Number of protein chains: 4
Amino acid sequence: MTNEQRYGAGIWHFATYVDRYATDGYGDPRTILDAIDLAGQVRDLSVVDLNYPFFGGEFANSQVEEALQRNGLGVIGITPEIYTRVFAKGSFTNPDLGVRRLTHELVTEAADVVRHFGAEYVKLWPGQDGWDYPFQVDHGSLWKASLDGVGQLASENPDLKFVIEYKPREPRVHMSFDSVSRTLLGIEKIGLPNLGILLDFGHAMFGGESPADSAQLAIDYGRLFGMDVNDNLRGWDDDLVAGTIHPIELFEFFYTLRKNDWQGVWQLDQFPFREDSVEAADTAIDFLKLIESALDKLDLEGVRDAQANHDSLGALKLAQKALYSSY
Amino acid sequence: MTNEQRYGAGIWHFATYVDRYATDGYGDPRTILDAIDLAGQVRDLSVVDLNYPFFGGEFANSQVEEALQRNGLGVIGITPEIYTRVFAKGSFTNPDLGVRRLTHELVTEAADVVRHFGAEYVKLWPGQDGWDYPFQVDHGSLWKASLDGVGQLASENPDLKFVIEYKPREPRVHMSFDSVSRTLLGIEKIGLPNLGILLDFGHAMFGGESPADSAQLAIDYGRLFGMDVNDNLRGWDDDLVAGTIHPIELFEFFYTLRKNDWQGVWQLDQFPFREDSVEAADTAIDFLKLIESALDKLDLEGVRDAQANHDSLGALKLAQKALYSSY
Amino acid sequence: MTNEQRYGAGIWHFATYVDRYATDGYGDPRTILDAIDLAGQVRDLSVVDLNYPFFGGEFANSQVEEALQRNGLGVIGITPEIYTRVFAKGSFTNPDLGVRRLTHELVTEAADVVRHFGAEYVKLWPGQDGWDYPFQVDHGSLWKASLDGVGQLASENPDLKFVIEYKPREPRVHMSFDSVSRTLLGIEKIGLPNLGILLDFGHAMFGGESPADSAQLAIDYGRLFGMDVNDNLRGWDDDLVAGTIHPIELFEFFYTLRKNDWQGVWQLDQFPFREDSVEAADTAIDFLKLIESALDKLDLEGVRDAQANHDSLGALKLAQKALYSSY
Amino acid sequence: MTNEQRYGAGIWHFATYVDRYATDGYGDPRTILDAIDLAGQVRDLSVVDLNYPFFGGEFANSQVEEALQRNGLGVIGITPEIYTRVFAKGSFTNPDLGVRRLTHELVTEAADVVRHFGAEYVKLWPGQDGWDYPFQVDHGSLWKASLDGVGQLASENPDLKFVIEYKPREPRVHMSFDSVSRTLLGIEKIGLPNLGILLDFGHAMFGGESPADSAQLAIDYGRLFGMDVNDNLRGWDDDLVAGTIHPIELFEFFYTLRKNDWQGVWQLDQFPFREDSVEAADTAIDFLKLIESALDKLDLEGVRDAQANHDSLGALKLAQKALYSSY
C-alpha cells in the first residue's frame with residue numbers, strides 16, 4: 001500500500017466512566033478538551049469521533065477546533081447523545097412525540113457540527129430504542145418509528161452521510177437496530193444513498209455474528225461507511241482493548257476489508273475503565289499494526305484456494321503463519 | 001373465533017434420536033410409519049411435516065398416505081433431508097458442484113411429494129450451510145450460493161411455497177440463514193413471491209431475538225408462511241416442550257399472531273430425547289390451549305394502551321392476569 | 001403456614017441509576033431517606049437492606065431510623081459500598097494494601113451499623129474483586145486475598161453474620177465469587193460458622209445455574225443465610241421484575257425453600273431503570289404471593305413421586321396446574 | 001526443560017461422529033483399532049485415552065495392545081462409556097437402581113483395563129447425570145447420588161486414580177458436575193486422595209470460567225490430575241482445534257501449568273466432524289509447540305511484576321511479544 005493506514009478513536013475512549021455501582025466514576029471527570037489532549041498523546045491517531053453536545057462544559061466549536069489543531073487531530077464523525085436521561089425510553093421510538101422531536105433537533109444540530117468540522121458522517125447510535133420486557137411495545141410500530149426517524153434525517157440532509165451503529169442490547173434489554181442484517185433491512189427499506197452502517201467489531205461478536213461476514217454483507221450492499229474495533233467475551237459489549245481476546249477473528253475482519261479494497265479509518269471504540277486510556281489506545285494500535293504486517297505477509301492466493309474448498313485447517317495454517325510471525 | 005385452531009408437529013417429534021455420545025440412540029429406531037402411528041395417538045394433532053426421504057426404510061408415498069389416513073392426519077410440509085452425511089460440508093453452499101446438484105435434485109423430489117400430498121410447502125432447513133472456523137469460507141460467495149440455490153428452486157416451482165427455517169447454529173458453528181433479518185434480506189434479494197419463512201420460536205430465542213418481534217417483522221414483509229414452537233434456555237436449540245420455560249414470551253408470540261390475524265397451524269418442533277413423545281406433544285398442546293384461553297381473556301385494548309406508552313408493568317399485569325387464571 | 005411470609009428489598013430498588021451512557025442518570029438523584037419513603041409506599045414490605053455509607057448526603061443513623069420508623073420498616077442487612085471509585089481495582093483483592101485496609105475499615109463500620117439497627121447480617125458484594133483480561137492477575141493470590149479479607153472480618157465479628165452475594169461478572173469481566181459452588185468452597189475453606197451465602201436468583205440464572213439446585217446446595221451446607229429475587233434473560237444481570245420472564249424456575253426455587261422449611265425474608269433486588277419503583281416492587285410481590293398460593297396448592301407428594309423417577313413431564317404438569325390457576 | 005513435553009489425545013478424536021441430524025454419520029464407522037492406526041500417524045502423539053468398551057466390535061485387550069504397540073502409543077486413561085442409551089437418564093444418578101449398578105460394574109471393569117494397560121486413571125465423564133427441566137429432579141438427592149457413586153468406586157479401588165471431567169451441559173441441559181468449583185466441592189466432600197479433576201479447557205471456557213483460574217484452583221487443592229484442550233465460541237462445547245479461536249487464554253492456561261510446575265500430558269479432546277482427524281491433531285500440536293516456545297521466551301519476572309499491580313496491559317504486552325514472535 002502506498003497510502004498509510006489512518007487510525008481513529010471515539011473521543012469517549014479518553015473520558016472517564018460511571019456505571020451503576022461506581023456512581024462516583026472510575027476517575028475524575030474530564031471535559032472534551034481534556035479528552036482531546038489525551039488523544040493527542042496517542043502515537044498514531046489521526047482522527048476522532050466527537051460526542052455532541054461536547055461533554056464537561058459549554059464549549060464552542062472553535063474551542064474544540066483549537067484543541068484538535070494543537071493535537072494534530074481531525075474529526076471523522078459526530079455522535080449526538082441521543083441516549084441520555086431525557087431519551088431513557090427511546091429517541092426515535094420514544095412514546096412521547098416531544099422527545100422524538102428533541103431527537104430530531106439534536107441530530108440536526110449534530111449535522112451542522114459535521115459540516116463545521118468537515119467530518120464524514122453523523123453517527124447514530126440509538127441505544128435507548130428498544131424494549132426491556134415482553135409485551136412492553138408494539139413491535140411493528142417501534143420498528144416503523146426507528147425507520148421514520150432515521151429516514152427523515154437522512155432525507156433532510158442529503159449532503160451528509162449518516163451511519164447507524166447497531167448493537168444487540170445495552171442499555172436496553174433489546175435494541176431495535178440489533179444486528180447487521182436488521183440494520184441493512186431497515187436501510188434498504190428507507191432506500192436513501194446517504195445512509196450506511198458503522199460496524200463495531202465487538203457488537204458483531206456480541207451478537208453471534210462473524211465480523212468478517214458482517215463486513216462482507218454490508219460491503220455487498222454498498223453500506224459499510226465506517227467501522228471500529230475493540231474486544232469482548234462474546235456475551236457483553238465489554239469494549240476491551242482490540243486484539244486481546246480474539247486476534248484471529250480480528251485478523252479475518254481486516255483481511256475481509258483489504259480483500260474488498262475497503263478504504264477507511266481503522267477506529268477504536270474501547271472503554272478503558274481501569275486502564276490508562278493513552279496506553280490502551282497505543283496497545284490496540286500496536287496490535288492493529290501487527291495485523292497490517294500479517295496482512296502483508298499472508299499468502300492470499302493460498303487462502304483463496306483453501307476457502308474454495310472450505311478447507312478450514314488449510315486456511316488457518318496460513319493465517320497462523322502470518323500472524324504469529326509478525327511481532 | 002369460529003374456526004378451531006389446528007395443531008401440527010414435525011414427524012421427527014415421534015422418532016428416536018442419536019447424538020455424539022449416545023451413538024446407540026435414545027431408543028429403538030422407528031420408521032416413519034411407526035412415527036405416524038404415534039402421532040395419531042396425540043389428542044389434538046391435525047397435520048404433520050414429513051422428512052423426505054422417508055426414514056426407517058423404503059416406503060412408497062402410498063404407504064405413508066395409508067398410515068396418515070388411519071391416523072386422521074394431513075401433511076403440512078415436506079422437509080428434504082439436506083443435512084445428512086453427503087451434505088456435511090453444505091447443501092446449497094457445498095464446495096462440490098456435485099453435492100449442490102444433489103441438493104437441487106433432492107429438493108425437487110421433495111417438491112413432488114408436496115404436490116402428491118397436497119401439502120402447503122417445501123421446508124428448507126439448510127443446517128449444514130455455514131462455517132465452523134474463522135478464515136474457512138469466502139463469506140460473500142457462501143451467501144450468494146445460499147441465495148442462488150434457494151432462488152432457483154423457488155423459481156422452478158412457482159406453484160409451490162418454499163419456507164426457510166433459520167437458526168443461529170448447529171450442526172455448524174454458524175449457519176448461513178442465521179436470523180429472521182438475514183433470512184428476510186435474502187428473500188427480498190431473491191424477490192420471488194413463493195418464498196417465505198418458517199419461524200421456529202426456539203431458534204428466535206436462541207438467536208437473542210424476541211419471537212414476537214420476529215413474527216411481526218416477517219408478517220410485515222408478507223413472509224410468515226409457517227411457524228413452530230418448543231422451548232430452550234436461550235443458549236442452545238434444546239427443543240424442549242413448549243411453554244415449560246418461557247410461557248410469557250410464548251404468550252406474547254401468539255398474541256402477535258392473533259393481533260395480525262395470522263391464520264395457520266400451530267406446530268411443534270420438539271425433540272423429546274428422554275420423554276414419551278406422545279405425552280410430550282400432549283403436554284405442549286395442552287399448554288397451547290391454555291394460551292388460547294388466555295388470549296380470549298386478555299384485555300386487548302388495555303394492552304394496546306399500555307404499549308402506546310411502553311408501559312411494561314401495565315402490559316405485563318394484564319398478561320399475567322390472563323395467563324395465570326387460565327388453567 | 002401460621003406465620004405470614006415477610007418481604008424485603010434492597011433500598012437501592014428505590015434509588016435512581018446511572019450507567020455509562022445515561023451519565024446524567026435515569027432520574028433525579030434521591031437520598032436514602034427519599035428511598036425509604038418510597039419503600040414505605042410498597043404494599044407489603046417489611047424490611048430493607050441498606051447501603052452504607054448512606055447515599056445522597058451525610059445522614060446519622062438516627063435520621064435513617066426515623067425514616068424507617070415512619071414507614072414501618074425494619075433492617076435486614078447492611079451492604080457496605082466496597083465497589084465505588086476507590087475500589088475500582090478491587091476491595092479485598094486490591095493490589096494496594098491501603099485500599100485493602102480501607103475495605104476492612106468500611107466493612108467494620110458497616111458491622112457496627114448492623115448492630116445499631118439489629119439487622120441480621122453484613123452483606124458482602126465484592127463486585128470489583130476479579131479481573132478483566134487474561135494474564136492480568138495471579139489467580140491463586142487473588143483468590144487467597146478474597147478469602148483472607150472476608151475471613152478476617154468474620155473472625156473479628158463473631159457476633160454477626162456475614163453473607164457473600166456471588167455473581168458471575170459485572171462490573172468486572174469476571175468476579176472472584178462467581179458461583180454458588182466457588183463461594184461455598186471459599187466459605188468451607190475459611191471454616192467459620194457466621195459466614196454464609198446470600199443467593200440472588202438472577203445471579204444464579206446468569207451463571208447457568210438452576211437457582212433451585214443452588215439453594216439446595218447452600219442449604220445442605222448450612223450456608224443459605226439470605227436470598228433475593230429478580231429476573232433476567234440469563235445472559236446478564238438485568239435485575240428485571242421477579243416473575244416476568246422465568247416464572248417456572250422461580251416457582252421451583254421457592255418450592256425448594258419450602259421443602260427445606262427455609263424460613264427467611266423473600267427479598268427483591270431489582271433495578272427499575274425506567275419504571276416506577278413502587279409499582280415495580282408491588283408487581284413483584286404480587287407475583288410472589290401468587291407463587292405462595294401456588295405452593296399451597298401444589299401436589300407435593302405427586303411432585304415427589306415424579307421426581308423419584310426423574311419424570312419431567314409428570315412433575316411439570318403438577319407445577320403448571322398449581323401455577324396457572326393461582327391468579 | 002530437560003524432559004520433552006508429551007502429547008496425548010482421546011482416541012475418539014480419530015473416530016467418526018453422528019449427531020441428531022446427520023444420523024448416517026460424518027464418515028464411515030471406524031473401530032478402535034482403525035482409530036489407533038490413525039492416531040499413530042500424528043507426528044507427536046505419545047499416549048491416548050481409550051473409550052471402554054472398545055468401539056466398533058468385540059476386541060480383546062491384546063488386540064488393542066498390539067495396535068498401540070505398532071503405533072508406538074501408550075495409554076493414559078480409560079473412559080468407560082457411561083453415557084450411552086442405557087444411561088440416558090443418568091449413570092450414577094439414574095432413578096433405576098439396576099442402571100446405577102450397571103454403572104458401577106462398567107466402571108469397575110474399566111478400572112481393570114486401566115490396570116491392564118498400566119494407565120494413569122479411570123476417567124469419569126457422567127454426561128447423562130443431570131436434568132433437562134425445572135421440577136424434574138430432587139436436587140439434593142441427585143447430587144448425593146453423584147457423590148455416592150463416584151466415592152464408592154474411588155474407595156473400592158485405592159490403587160487407582162479416578163478423574164472427573166466436568167462440563168456445564170450436553171447432552172443434558174444441565175450436568176451435575178458442571179464446573180471446577182462444584183467438582184472440587186464434591187471431591188472434598190468425598191475426601192479420598194485418589195480422586196481428582198481432568199480439566200477440559202473448552203469446558204471451562206463454555207462454563208464462563210477462566211481456564212487458567214480453574215487450573216490454579218484445582219492445583220491448589222492438589223486435584224489437577226489431568227487436562228485436555230480444544231476450542232469453542234464459549235457458548236457450546238464445540239471441540240474445535242486448540243488455539244484456533246482463543247490463543248491468548250490457551251497461552252495463559254499453559255503459563256499457569258508451567259508456573260506451578262505441573263507435569264503431565266498435554267492432551268487433545270477435539271471432534272473434527274468435517275476435518276481430517278490426523279491433520280486436526282497435527283495442527284493443534286503444532287500450535288501447542290508454538291506455545292511452548294512462547295513460554296520459553298516469556299519474561300516471567302515481568303509478568304509477575306505486572307500481575308502484582310493487576311496491570312493488564314503490561315502483562316498482555318509481554319504475552320503478545322512472546323506469542324506473536326514464536327512461529
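**Figure 1. Salt bridge between Lys123(B) and Asp49(B) in a predicted model**. Lys123(B) forms a salt bridge (a side-chain nitrogen of Lys or Arg within 4 Å of a carboxyl oxygen of Asp or Glu) with Asp49(B), and their closest N and O atoms are 3.6 Å apart. Lys123(B) belongs to strand β4 (residues 121–124) of chain B and Asp49(B) to strand β2 (residues 47–52) of chain B, so the pair ties together parts that are 74 residues apart in sequence. Strands (E, at least two residues) and helices (H or I, at least four) are DSSP runs, numbered from the N terminus. Lys123(B) is buried at 2% relative accessibility, and Asp49(B) is buried at 1%. Buried means under 20% relative accessible area, exposed over 50%, and partly exposed in between (1.4 Å probe, protein chains only).

**Figure 2. Salt bridge between Asp238(B) and Arg169(D)**. The N to O distance is 2.6 Å. The pair crosses between chains, from the loop between β9 (224–229) and α8 (247–259) of chain B to the loop between β6 (161–164) and β7 (174–175) of chain D. Both Asp238(B) and Arg169(D) are buried.

**Figure 3. Salt bridge between Arg85(D) and Asp28(B)**. The side chains meet at 2.8 Å, N to O. Arg85(D) is partly exposed, at 26% relative accessibility, whereas Asp28(B) is exposed, at 55%.

Figure 4. Over all chains, the salt bridges number 96.

**Notes.** Residues are numbered from 1 along each chain as its sequence is written, and chains are lettered from A and ligands numbered from 1 in the order in which they are written. In this predicted model local features need pLDDT of at least 70, side-chain atom pairs count only at pLDDT 80 or more, and totals for chains, interfaces and linings use all residues, while side-chain values use heavy atoms, with hydrogens and water left out.
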